[in-house]
Amino acid sequence: MKKRVEKSSKEKVDKVDSVTDEEPPKTADDYQCSGNLEQDFTKLCKLMGVKDVPSVKIKQSSSTNRGTSLESKMTTWSSKPCLRIELENEDHGSVKEVKISGWKMDEVVLQVLSRILPSLSNLQCLHMWRVGLTDYTFTSMRNTVSLCSNLRKVVLEGNPLPEQSYHLLIAEDSMLTDLSLRNNHIGEEGARLIGSALSTVHSANKNLLSLNLAFNSIGDAGAIHISQGLHLNRSLLCLSLSYNQIGDNGAAHLAEVLGPFALTHEEIVERRKLLIKGEESTMVQPSLVSLADSHERPLSVRSSSSLDRLNKSTKNPTKKKDNPKKEEKPAAGQTAKKEEPKVAKKDNKVPRIQAGKLAGKDNNLLVSEQERVDVVETVIPLLDPGIVHAGGKVIHPGNTCLTSLNLSGNKLSEQSLKVFLSSLEGQGEGGLLRLSLNRNQFPSDCDTFLKIQEIMSLRDPLKKNLSGQVEDEHGEPKTTNEA
């Protein structure tokens, strides 16, 4: 009898435990996101006291219409606030894109999203158009973006911020590859911050491939800041500055960075530090000897002195080169120092070749992880072997990684076109494959523009660089990802 009583009591306890396990969470802090956005969003909004919960509309992607843009698929707009999501497959936990358009998100709804979005393991694109972001809510949104492991594209348009802190999305540790900041009233200060985020002498963004800054107020001063950011950035492939009130002064600086340009004093100082570190390295690759006569004399002289010391200490230097295990013995800091001269020599042509291939695929920028690593992580611009000394200046061969530049709808005259022509001629192999200069203040039949057209048509097999055939009405490229 006692055993039966014990069993029945245990059964009652188990039933109570199962009931308590199934009880819904009483507060938002108790709620655990399931990865199903539709379900999680509705429940969390109710737990956090949202009166009018925005609806969630689902659009499932299919192999038959993957070539069309999300915008064309969702042509029916609702007057009520809603989240539009796209699924990778039939699984409701496979959300690949979240789109919020035309309604102001309050802080509570944004807090709900900040809980849900990081749980979406397949989320690749976040589109926010005119959602009424403030400086405070933007910071919260930026932190949320950094927690989304597979999020690579952010479209943040029509959200002007007083502090213009958009550069936080382009931090050195940012994993975003595609960022659109159109129509955000970005001025000179915002452009300065973005330029510094692209690169300084001490840091550079290594993942961003496409940046759209169209329809802002960057102007000449802002364009100069952006051009400075392009000095040492070797990841950005596509840049749009259309309709930004840029004149000849700003355009000339952008053109100059594409061809040979003089390093600034700060860049020269940093370059010398890198060269000294390379000379102090005790393990220099003997392969540098064969490259010493190719381009840059000062770097070659420094490297050869280290090689002489290396040759005296070993009878067969080639064995040391071919033995990776021996090279891995020194400390991590020493290894990094030794790699810098090697990288500068070995990878001079890597970004030119691969960037050209990427930009030729309809500007979709669909690249693999390995391709992006090869392009952006194997180059030290200040140790570029093409750097020479001329006329008392240190001349860099220029940024040849940028493959697409859009300056449509600005205030360029033939004066700045001449600078572009000079830079394009000085680029040699690689460099720009697409240059949009439509709707500016020069006649379409001027000689300089015709020469630029001829150069670009030779680089682009489709010959659609300047004709506007692959642009929309604003001079923006028409791609499958166009917002």
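1. Let's start with the sheet: it is open, has 3 strands in the order 9-11-10, and its pairing is antiparallel. Strands here are DSSP runs of E with at least two residues, helices are runs of H or I with at least four, and both are numbered from the N terminus. Two strands count as paired if DSSP finds at least two bridges between them. Strand 9 (261-262) and strand 10 (388-390) are at the edges with a single partner strand each, so one side of each has no neighbour in the sheet. Strand 9 pairs with strand 11 (residues 393-396) in the antiparallel sense over 2 bridges; Phe261 has His396 of strand 11 as its bridge partner.

2. A word on what you're looking at: this is a predicted model, where local features need pLDDT of at least 70 and side-chain atom pairs count only at pLDDT 80 or more, while totals for chains, interfaces and linings use all residues. Residues are numbered from 1 along each chain as its sequence is written, and side-chain values use heavy atoms, leaving out hydrogens and water.

3. On confidence, pLDDT is the predictor's own score for each residue, from 0 to 100. The chain averages 76, with 65% of its residues at 70 or more. Residues 465-470 have pLDDT below 50, yet the stretch has 23 contacts in the model beyond near neighbours in sequence; a contact means heavy atoms within 4.5 Å. Residues 479-483 also stay under 50, with 18 contacts beyond four places in sequence. Where pLDDT is low, the predicted coordinates should not be read in detail.

4. Now helix packing. Axes are lines fitted to C-alpha atoms, for helices over the stretch in contact, and angles run from 0 to 180 degrees between N-to-C directions. Under 35 degrees counts as roughly parallel, over 145 as roughly antiparallel, 65 to 115 as roughly perpendicular, and the rest as oblique. The axes of helix 2 (residues 37-47) and helix 4 (residues 107-116) come within 10 Å and cross at roughly 140°, which makes helix 2 oblique to helix 4. The contact uses Leu37, Asp40, Phe41, Leu44 and Cys45 of helix 2, and Val109, Val112, Leu113, Arg115 and Ile116 of helix 4. By class that is 8 nonpolar, no polar and 2 charged, with Ala, Val, Leu, Ile, Met, Phe, Trp, Tyr, Cys and Pro taken as nonpolar, Asp, Glu, Lys and Arg as charged, and the others, Gly among them, as polar.

5. Helix 4 also packs with helix 5 (residues 135-147), at about 10° with the axes 10 Å apart, so the two are roughly parallel. Among the contact residues are Leu110 and Leu113 of helix 4 and Tyr136 of helix 5.

6. Finally, helix 7 (residues 219-229) and helix 8 (residues 248-258) pack at about 10° with axes 7 Å apart. The contact includes Ile224 of helix 7 and Leu254 of helix 8.
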